[in-house]
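Subject: Structure for your review

Dear colleague,

Please find below the structure that I am handing over to you. My notes on it follow directly after the display.

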Amino acid sequence: MQGNLMSRRNFVGAAAATAATVAAFSLAGCGSNGSSDAKSDAKEDKAETKALSGTITAVGSTALQPLCEAAAEQFMEKNSGVQITVQGGGSGQGITQITQGAVQIGNSDVFAEAKVKDTADLEKIADNKVCIVGMGPIVNKDVTVDDLTIDQLKSIFTGEVTNWKEVGGADAAITVINRASGSGTRATFEAAVLGDAKVPDTFKPQEQDSSGTAAKMVASTPGAISYLAFSYYDDTVKALKVGGVEPKEANVEDNSWTIWAYEHMYTAADPDEATKAFIEYMMSDDVQGELVEAQGYIPVSGMKVEKDASGKVTKK
């Protein structure tokens, strides 16, 4: 009986072990199938996810053009299916073309409110403030003046002062080089410097369509003066102080330097997928944390003040 009892116990134990082994293999089999199914689903999901594609044309502000071009190159490296073309033409052109639906992005140094004639057009577009740009007067490197007050600048750009000796410089004629009338850089400069002062019809300085051309003209013309975004400053021209304040980003941030503007990238109110993704990229750390400052602009997050469409500046 004892032997029989032991045999039964051994049999029961062996049977249990066999059942456990079978169960283990069964579970392993189930687990393997589950993993295989999950991988299969993932592959299907991946196959169903389409790569970003599309064509984007950005037109307008030449002050914003260098940053927009640099960001577009980076974005296209990450998204080979998207083609971005960046063109100048001035802020007025950018606003006009985006409200007409002719382009995907209208770049502007000024609020659209300052450019549109029909306020209903404002409902068609969305404003994206991607950075801040400082702007200021620049002169030919031979000009001996280093600092001008706002009033002196106003006198020069209204034609009242025509010789550098009248503002502390050498006896030499002043050649004023303006941007074209649709320029946001011009609008920003005139709002900060001229205010409500009217330019006489008899004063007709030469005009240039782009910031790059204006810079070249100043560099090559004795006695010349114009204005540029900080992003265009280089050693071919001399940047002036205004009222003793240096044209530096830190002075823009607290409005010590008053000649500055938001850089707007206007899109349709409901932009296409590629355009939306590009605007999101403009606000990403890749651009805001690195490219903006490297290109001579100021991140919106760095500003201690803010400006509304009427030009009113308030502390944040």
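A residue is called buried here if its relative accessible area is under 20%, exposed if that area is over 50%, and partly exposed in between. Please bear in mind throughout that this is a predicted model.

Overall composition

By that definition, 41% of the 316 residues of the chain count as buried. The chain contains 9 helices and 14 strands. Its exposed surface comes to about 16400 Å², of which carbon and sulfur atoms supply 49%. When contacts between residues at least 6 apart in sequence are considered, 75% of them join residues at least 24 apart.

Strand β7 covers residues 175-179. Because 4 of its 5 residues are buried, β7 is largely enclosed by the rest of the structure. Two other strands pair with it, as follows.

- β7 and strand β8 (residues 206-208) run parallel and are joined by 3 bridges; Asn178 has Glu207 in β8 as its bridge partner.
- β7 and β9 also run parallel, with 2 bridges between them; here Val176 has Ile225 in β9 as its bridge partner.

Together with helix α5, the strands β7 and β8 make up a right-handed β-α-β unit.

Helix α4

Helix α4 spans residues 150-157, and its buried residues are Leu153, Ser155, Ile156 and Phe157. Among the elements that cover these buried residues are β7, α5 and β9, and the cover also includes β5 (129-139), β6 (147-148) and β11 (241-242). After α4 comes Gly159, which has a positive phi near 85 degrees.

Aromatic pairs

There are 9 aromatic pairs in the structure. One of them is formed by Phe189 and Tyr227, whose rings are stacked at 4.3 Å centre to centre with 15 degrees between the planes. This pair links distant parts of the chain, since Phe189 lies in helix α5 (residues 184-193) and Tyr227 in strand β9 (residues 224-229), 38 residues apart. Are these two residues buried or exposed? Phe189 has a relative accessibility of 1% and therefore counts as buried. Tyr227, at 0% relative accessibility, counts as buried because its value is under the 20% cut-off.

A further pair is that of Phe230 and Tyr233. Their ring centres are 5.2 Å apart and their planes stand at 45 degrees, so this pair is tilted. Phe230 has a relative accessible area of 7% and is therefore buried, whereas Tyr233, with a relative accessible area of 22%, is partly exposed.

Ring pairs also join Phe75, Phe278 and Tyr281 into a cluster.

Charged groups over rings

Which rings have the charged end of a lysine over them? The charged end of Lys307 sits over the ring of Trp260, 4.0 Å from the ring centre. The charged end of Lys129 sits over the ring of Tyr262, 5.7 Å from the ring centre.

With kind regards

Terms used:
Residues numbered from 1 in each chain as written. Predicted model: local features only at pLDDT ≥ 70, side-chain atom pairs only at ≥ 80, totals over all residues. Heavy atoms only, no water. Phe/Tyr/Trp six-rings, centres within 6.5 Å; stacked < 30°, edge-to-face > 60°. Buried < 20%, exposed > 50% of the residue type's maximum accessible area, 1.4 Å probe, protein only. Lys NZ or Arg CZ within 6 Å of the ring centre and 35° of its normal. Contact = heavy atoms within 4.5 Å. Areas by Shrake-Rupley, 256 points an atom, 1.4 Å probe, with all protein chains shown as cover. Pairing = 2+ DSSP bridges. Right-handed = clockwise from strand over helix to strand, strands pointing away.
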